[in-house]
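Please find below some short notes on the model, as numbered points.

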Amino acid sequence: MQDEPVQGAMVRYPPRSLVILTGLPGAGKTTLLRRLYGLHGAESVPVARDAVVVIDSYQSRRHWDGRLAWAPYPVRRAVVFVTHLTRIRQALAGGRSVIAHNRGCAPYVLRGFAWLARRHGATFHLLLLDAPPEAALAGQRARGRVVAPRTFARHQRRWDGLVARVKSGDPAPAADALIVDRAAAALLESIVFDDGAPSPDPVSRKFRITE
């Protein structure tokens with residue numbers, strides 16, 4: 001665990017990693033992935049970039065856009081989420097590293113990702129984009145899609161609990177967790193998956209950031 005601002009331009013993970021980028025709705029997760037991996041924002045399928053597959057939940061949403069108009073919203077949401085999980089599983093089963101955006105951070109969701117990683121011989125990491133609630137709400141308004149107040153409050157409670165737990169030194173069920181605020185994320189130039197990256201330290205659970 002590390003909750004200090006990013007001091008270098010690169011975050012490094014070992015090969016065969018599943019990195020879940022999470023944060024409040026509107027925190028800037030999709031914006032970060034687009035900037036780092038050159039996404040244009042209209043993708044409906046995962047994107048391979050060198051050693052990593054980039055999987056944004058919005059890719060699954062676009063895949064089903066207009067095809068489930070007949071279904072109630074809870075059904076559409078469930079179909080999109082299952083599609084998102086299936087794509088992550090397929091990439092891991094193919095031996096690839098994965099960085100995936102997922103706004104949900106409930107304990108059962110994170111345990112599911114940890115199980116997927118273990119099943120396919122990958123290590124599970126959390127990358128937490130920490131934005132104040134007012135900044136996240138502004139981000140929602142800027143993208144033209146605002147989460148209902150009750151839903152946002154639920155996200156915020158779960159997010160606050162996760163961040164507090166990580167800051168106390170407990171990133172479980174992930175091997176490690178890195179917290180970055182929006183200013184630090186803006187300085188980040190790359191996320192690299194290579195053999196030169198350190199393995200998670202099971203004692204300190206800290207992750208190294210390199211220049």
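1. Helix 6 (residues 149-167) contributes the most to the positive patch, with 3 residues. Helices here are DSSP runs of H or I of at least four residues, and strands are E runs of at least two, numbered from the N terminus. The model is predicted: local features need pLDDT of at least 70 and side-chain atom pairs pLDDT 80 or more, while totals for chains, interfaces and linings use all residues. Residues are numbered from 1 along each chain as its sequence is written, and side-chain values use heavy atoms, without hydrogens and water.

2. The patch is made up of Arg77, Arg154, Arg157 and Arg158. Patch residues have over 30% relative accessible area and no salt bridge, with like charges joined within 9 Å; a salt bridge is a side-chain nitrogen of Lys or Arg within 4 Å of a carboxyl oxygen of Asp or Glu.

3. Arg154 belongs to helix 6. Arg154 is partly exposed, at a relative accessible area of 30% (buried is under 20%, exposed over 50%, partly exposed in between, with a 1.4 Å probe and protein chains only).

4. Strand 4 (residues 52-55) is covered on both faces: Val52 and Val54 are buried on one side, Val53 and Ile55 on the other. In a regular strand, side chains alternate between the two faces of the sheet.

5. Strand 4 pairs with strand 3 (residues 47-49) in the antiparallel sense over 3 bridges; pairing requires at least two DSSP bridges. Val54 is the bridge partner of Val47. The two strands form a hairpin with 2 residues between them, and Asp50 in the turn has a positive phi of about 55°.

6. Strand 4 also pairs with strand 5 (residues 97-101), in the parallel sense over 4 bridges. Here Val52 has Ser97 as its bridge partner.

Key:
Patch = residues over 30% accessible without salt bridge, like charges linked within 9 Å, V, L, I, M, F, W, Y side chains within 5 Å. Areas by Shrake-Rupley, 256 points an atom, 1.4 Å probe, with all protein chains shown as cover. Lys, Arg positive; Asp, Glu negative; His and termini not counted. Charge placed at Lys NZ, Arg CZ, Asp CG, Glu CD.
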